[in-house]
Amino acid sequence: MQFTPQLDSIFPFAEEIGKTTYQALQQVKGICSLAHKTASTELTKLATPPSPKPLNPLPQEMLFKIQKMNNDILETDWEDAQKGYYPHSVLFENDLPDVLVNYSQIWLDMPKIWQRLRDKKYQDFDQTIDREGYPSYYLQNFHHQTNGYLSDQSADLYDLQVEIVFNGSANAMRRRIIPPLKQGLEVFSDVAPQQTRILDIACGTGMALRNLRAAFPKASLFGTDLSPAYLRKANQILSAIPGTLPQLLQANAEELPYSDGYFHGTSCVFLFHELPPQARQAVINEAFRVTKPGGTFVICDSIQAFEYPDFEPIMENFPTMFHEPYYRHYVTDDLNERLETAGFDNIETQNHFMSKYWIARKPVG
Ligand SMILES: C[S@@+](CC[C@H](N)C(=O)[O-])C[C@H]1O[C@@H](n2cnc3c(N)ncnc32)[C@H](O)[C@@H]1O
């Protein structure tokens, strides 16, 4: 659904109808997510012994603030489509048949999660899962996922689980990397679109790449991740999109298999809170190395305590609810300093719904 000036003149309400439809669809996703979270949290409480660290109650005003942030990101998402950063059609992408199948699988997987919670097992993998060669910090049941990031079932369920956590706004959060990347790439205006190379580090199932493809239809897109299963899923999702397929490669983000200065733009979504501190610095150093002088690196991750000290209760709950062993350190980790240490300059930050963005440039010369 691409609105054009011509269409607007034929049908002046097209824009308003489109925006209202988008917001209404997002409201439905938000309500369904909330219903699921309430039901699953209550059942988990019944099925597992009381946690030694009970969840903090969330004050009303914090819930209002979160709701407002959610509304604001939808507004920004719509405005950025209006500004032409990406087509409106990406706002309406949905995978409803997959959602229905995967939703039932989420419930069917729940007893296994409860069993692991009862047994206090957070690094539990089936015998069939090959764990050779991965960094030890990676071998975790992040989000209590069965087999962590190392099974096809985990890859199938991941996107829906993330959407539920973020009330259906996860892709709106990912799309916030697009305007700064587009602006950053303006310095390479002499480079043909097909020659422009963009890397998404820790691409997971390819959701950021899917959005990047809509925004940069001709660019050469690349994605790396440690999980073969998530890369298989990314390949399935991305190969359904017409146009050149992004190149996917299994790699540790701490040792990217690309030559220095290969990419005009580099992004990384939702990775840093899942890394221990030294790995965060190593990934930033690698992003610096593979980004071209003059190029831009954009990070999207969770909000931090610096800007949201009043969100401490929810930041405390998150790692308990979702098994995120490195999150507590992440929320007070100064990534600006890490980016500067790597060599980036001109660093800007933004905050949107439950998310923080770092926009960093690699100096020329
Ligand atoms: C929370 S997911 C984010 C995935 C994706 N970027 C997104 O937008 O949903 C974290 C991803 O980072 C990957 N990952 C974690 N540590 C990594 C590392 N050291 N190198 C490469 N990928 C890693 C995981 O396999 C997983 O796909």
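Entry 1. I start with the term I need: two strands pair if DSSP finds at least two bridges between them. I am working on a predicted model.

Entry 2. I checked the rest of the β4 and β5 pairing. β4 covers residues 263–269 and β5 covers residues 291–302; they run parallel, joined by six bridges. V269 stands opposite C300 in β5. Helix α7 (residues 178–185) packs on the sheet and touches β4, β5 and β7 (355–361). The direction of α7 makes about 175 degrees with that of β5.

Entry 3. I moved to β7. Seven bridges join β5 to β7, and this pair runs antiparallel. Here I found D301 opposite K356 in β7.

Entry 4. I then laid out the whole sheet. It is open, with seven strands in the order β3-β2-β1-β4-β5-β7-β6 and mixed pairing. Which strands stand at the edges? They are β3 (247–250) and β6 (345–352); each has a single partner strand, so one side of each is left without a neighbour in the sheet. The twist averages 15 degrees from one strand to the next.

Entry 5. Last, I looked up the ligand. I list 21 residues around it, the closest being A202, G204, S227, A253 and V269. By class, the shell has 14 nonpolar, three polar and four charged residues. Why does the ligand lie between domain 2 and domain 3? Domain 2 (96–165) and domain 3 (174–361) both give residues to the shell, so the ligand lies between them.

Terms used: Residues numbered from 1 in each chain as written. Predicted model: local features only at pLDDT ≥ 70, side-chain atom pairs only at ≥ 80, totals over all residues. Helix = DSSP H or I, 4+ residues; strand = E, 2+ residues; numbered from the N terminus. Axes fitted to C-alpha atoms, helices over the stretch in contact; angles between N-to-C directions. Contact = placed C-beta atoms within 7 Å. Near = placed C-beta within 6 Å. Nonpolar A, V, L, I, M, F, W, Y, C, P; charged D, E, K, R; others polar. Domains from an automatic or database assignment.
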